[in-house]
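Here is a briefing on a structure with more than one part to look at. Keep the view open as you read, and find each feature as it comes up.

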Amino acid sequence: MTRGGAGRTAVQCVLLLNAFLVLAPMAIMGVSAFKSTREIFQHPFALPGVWRWENFARVWVEARFALYFRNSVLVTIASVVIVVILGAMAGYALGRFRFRGNDLVYLYFLSGLMLPIRLGIIPLFILMRTLHLLDTLWALILTYAASGLPSAVFILTGFFRTLPADLDSAARIDGAGEWLIFRRIMVPLVRPALVIVAVYNLIPIWNDFFFPLVFIQTDRWKTLPLGMTTFFGQYSADWGALFAGLTLAAVPVVTLYALLSQQFIRGLTAGAVKG
Amino acid sequence: MARVQLSGVTKKFGAVTAVNEITLEIPDKQFTVLVGPSGCGKTTALRLIAGLEEATAGDIFIGERRVNDVPPKDRDIAMVFQNYALYPHMTVYDNMAFGLRLRKYPKTEIDRRVKEAAEMLGIGMLLDRKPKQLSGGQRQRVALGRAIVREPQVFLMDEPLSNLDAKLRVQTRAEIKKLHARLQTTTIYVTHDQVEAMTMGDRIVVMKDGLVQQVDTPLNLYERPANLFVAGFIGSPAMNFIDSALAEAGGKLFVDAGTFRLEVPADLVSQARPWVGRRVVFGVRPEDIADRALANGAQPAWTIKAGVDVHEPLGSDVILYLTAGAHSIVARVDARTQAKMGDNVEVVVNMRKMHLFNPETQQAIL
């Protein structure tokens with residue numbers, strides 16, 4: 001009894017520490033967003049003397065934050081939607097149909113997991129230039145969609161495999177065709193997995209700095225992380241505004257995660273239990 | 001309503017032959033049970049009729065139509081699965097209505113059929129629930145309901161009771177029978193449970209290793225099994241099989257098992273005579289063996305002396321596990337028997353109910 005209690009306390013201490021380690025930088029970021037650059041360096045952990053809301057205003061107006069924000073939202077949503085739709089279709093085919101080459105196709109997708117896509121930046125750049133997609137959002141969307149597919153196929157194939165085989169037999173006898181079975185029976189049943197795939201892809205895409213840096217030159221098409229660089233001058237940086245921008249950039253993702261975390265966790269554990 | 005006909009139907013999965021040239025006619029309106037041990041091909045046969053598997057060879061007819069190339073949805077059948085296969089994200093109502101909606105039935109007609117079926121099955125108050133919120137028995141009814149609303153020509157049922165507990169199984173067994181009597185739809189029912197087969201089937205198809213062993217009414221299967229497999233499969237406890245020889249002495253025929261000899265009744269002599277002097281498998285059901293002390297007018301020529309190894313009282317009667325020489329014999333005797341473990345008893349075999357089998361072909365001689 002007491003041993004169990006002690007064990008629980010220990011576990012909770014570890015979890016609390018972990019929570020602190022995650023939350024503290026976010027808190028510092030949020031608080032620093034209200035300070036001047038000078039204050040940030042003089043009292044890095046103190047609350048601001050004056051709450052400078054103007055940092056946010058400056059970010060919004062000067063740095064064309066709204067534009068970058070729109071670009072980021074467009075790119076992220078488009079990529080995630082493509083990953084989820086194509087991933088679900090591929091996972092369904094690979095997880096529920098036996099056909100010649102099934103394993104080969106599956107392995108081909110999985111091999112993508114082992115290949116860091118950034119290694120392919122030069123061929124990717126050349127490809128995008130040939131396709132005349134450089135300096136467009138499509139360059140980003142296509143790259144993200146492609147790099148997100150391996151993990152999506154991996155996760156969703158596993159989920160589709162766990163669904164009882166008789167379900168499609170029942171639906172087939174009920175009169176449903178393949179597409180209907182997929183849409184009306186199978187997809188609703190793997191929804192937790194779809195949420196996992198979406199969240200899993202969403203955050204890295206939202207935060208990505210590398211591909212916009214390489215593919216995007218025009219200010220009009222910059223995404224948030226790239227746009228934030230406006231605040232780094234050659235000789236100085238406006239740290240207050242930068243933190244304000246980062247805070248704004250983090251808000252949608254954190255909110256979304258909070259909303260979906262229930263489903264996300266349920267999905268993860270469901271996958272873990274069923275293997 | 002329609003009859004179902006299989007002619008020379010074979011299904012191979014790679015090198016494995018699951019169903020081997022089955023020819024079978026299932027008459028209109030009958031309740032036919034496919035029974036056999038697991039892996040005998042009964043479920044595959046059902047899935048072939050449903051169209052969920054494609055036959056490697058042979059023809060399948062539903063009604064007058066050859067359906068080999070007809071997809072499941074156009075075969076006018078409904079199927080109940082072992083694990084029910086209810087759509088987990090839909091309510092009971094939607095589960096039952098799904099097939100009708102896909103077939104574009106008018107809303108009012110769907111509503112009428114679903115409610116009627118739900119009423120019939122006593123699940124009217126569950127229509128808004130999800131399958132997860134139902135007990136096993138309730139799910140089973142929903143699965144039946146989903147089949148009923150379609151009003152198909154043929155019901156296919158794949159071990160629908162095997163996930164229920166013993167009491168519910170007996171109850172649902174009777175309800176499915178009643179349902180069949182009411183709807184009169186041709187039904188093909190797969191089970192591995194011979195009691196289910198015996199109690200439910202108008203006719204039973206016994207299968208083993210992808211082959212049909214015997215097709216008959218329950219009573220005929222019990223009394224006239226065509227071979228050793230059917231004889232051993234139908235009935236519980238299983239029929240006793242004793243390796244014997246058929247001997248003739250003084251104009252009478254005897255089953256000679258070494259340690260005991262039993263006289264063949266006069267009316268069976270002519271059928272048995274060709275086997276005199278040859279090895280046979282003698283078969284007798286446990287219920288055809290009685291405690292001699294309690295048997296009236298017992299024939300001395302049908303008596304076996306044996307030791308009691310195990311004594312299992314069932315209340316209604318007693319199962320005795322006996323040893324006579326090298327032979328183990330199971331007997332189902334009157335509950336009033338005085339026999340106890342370790343005793344030596346005399347039991348009488350009702351030789352009018354005897355069976356003889358050819359040990360090589362395993363086919364019944366009589």
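The points below go from whole chains down to single residues.

This is a predicted model. Chain A has 13 helices and zero strands. Chain B touches chain A through 17 of its own residues, which meet 13 residues of chain A.

**Chain A as a whole**

- The C-alpha atoms of chain A fill a box of roughly 70 × 70 × 30 Å along the principal axes.
- Chain A has 275 residues, and 35% of them are buried.
- Take the contacts in chain A with a separation of 6 or more: 77% of them come from residues 24 or more positions apart.
- Chain A is divided into two domains: domain 1 covers 32–41, 48–63 and 235–275, and domain 2 covers 70–221.
- The centres of domain 1 and domain 2 of chain A are 27 Å apart, taken over C-alpha atoms.

**Two helices that cross in chain A**

- Helix α4 (residues 65–96) and helix α10 (residues 191–207) of chain A have axes that come within 9 Å.
- Those two axes cross at roughly 145 degrees, and the crossing of α4(A) with α10(A) is right-handed.
- Residues of α4(A) in this contact include A:S72, A:V75, A:T76 and A:S79.
- The contact of α4(A) with α10(A) has eleven nonpolar, five polar and no charged residues.

**An enclosed helix**

- Why is helix α8 (residues 166–174) of chain A called largely enclosed by the rest of the structure? Eight of its nine residues are buried.
- The buried residues of α8(A) include A:L167, A:D168, A:R172 and A:I173.
- Within chain A, the cover over the buried residues of α8(A) includes α4 and α9 (178–189).
- After α8(A) comes A:G175, whose phi is positive, near 110 degrees.

**Where chain B meets chain A**

- In chain B, β6 and α2 each supply at least two residues of the side that touches chain A.
- By class, that side of chain B has twelve nonpolar, three polar and two charged residues.

**Chain B and its domains**

- For chain B, an unreviewed UniProt entry lists residues 4–234 as "domain: ABC transporter".
- That span of chain B, residues 4–234, is 37% helix and 26% strand, and its end C-alpha atoms lie 25 Å apart.
- The domain assignment of chain B gives domain 1 (4–233) and domain 2 (240–357).
- How far apart are the centres of domain 1 and domain 2 of chain B? They are separated by 40 Å, taken over C-alpha atoms.
- Five residues of domain 1 of chain B are in contact with five residues of domain 2 of chain B.
- The side of domain 1 of chain B that touches domain 2 has three nonpolar, two polar and no charged residues.

- B:V280 lies in strand β14 (residues 279–284) of chain B.
- B:V280 counts as buried because 22 C-beta neighbours lie inside 10 Å, and the cut-off for buried is 20 or more.
- Beyond its neighbours within four places in sequence, B:V280 is in contact with residues including B:S244, B:W275, B:F357 and B:I365.
- A:F20 is in helix α1 (residues 2–32) of chain A. A:F20 is exposed, with 10 other C-beta atoms within 10 Å.

- Most residues other than glycine have a negative phi, and most peptide bonds are trans.
- A:H132 is not a glycine, yet its phi is positive, near 55 degrees.
- A:D135 is not a glycine either, and its phi is positive at about 65 degrees.
- A:H132 lies in the loop between α6 (121–130) and α7 (137–162) of chain A, and A:D135 is found in the loop between α6 and α7.
- A:H132 is exposed, whereas A:D135 is partly exposed.
- B:S236 and B:P237 are joined by a cis peptide bond, with omega about -5 degrees.
- B:P237 lies in the loop between α8 (228–233) and β11 (240–249) of chain B.

Conventions. Residues numbered from 1 in each chain as written. Chains lettered and ligands numbered in written order. Predicted model: local features only at pLDDT ≥ 70, side-chain atom pairs only at ≥ 80, totals over all residues. Axes fitted to C-alpha atoms, helices over the stretch in contact; angles between N-to-C directions. Helix = DSSP H or I, 4+ residues; strand = E, 2+ residues; numbered from the N terminus. Left-handed = near helix turned anticlockwise from the far one by under 90°. Contact = placed C-beta atoms within 7 Å. Nonpolar A, V, L, I, M, F, W, Y, C, P; charged D, E, K, R; others polar. Domains from an automatic or database assignment. Buried ≥ 20, exposed ≤ 12 C-beta atoms within 10 Å, placed from the backbone. UniProt positions renumbered as here; feature names shortened; annotations may be inferred.
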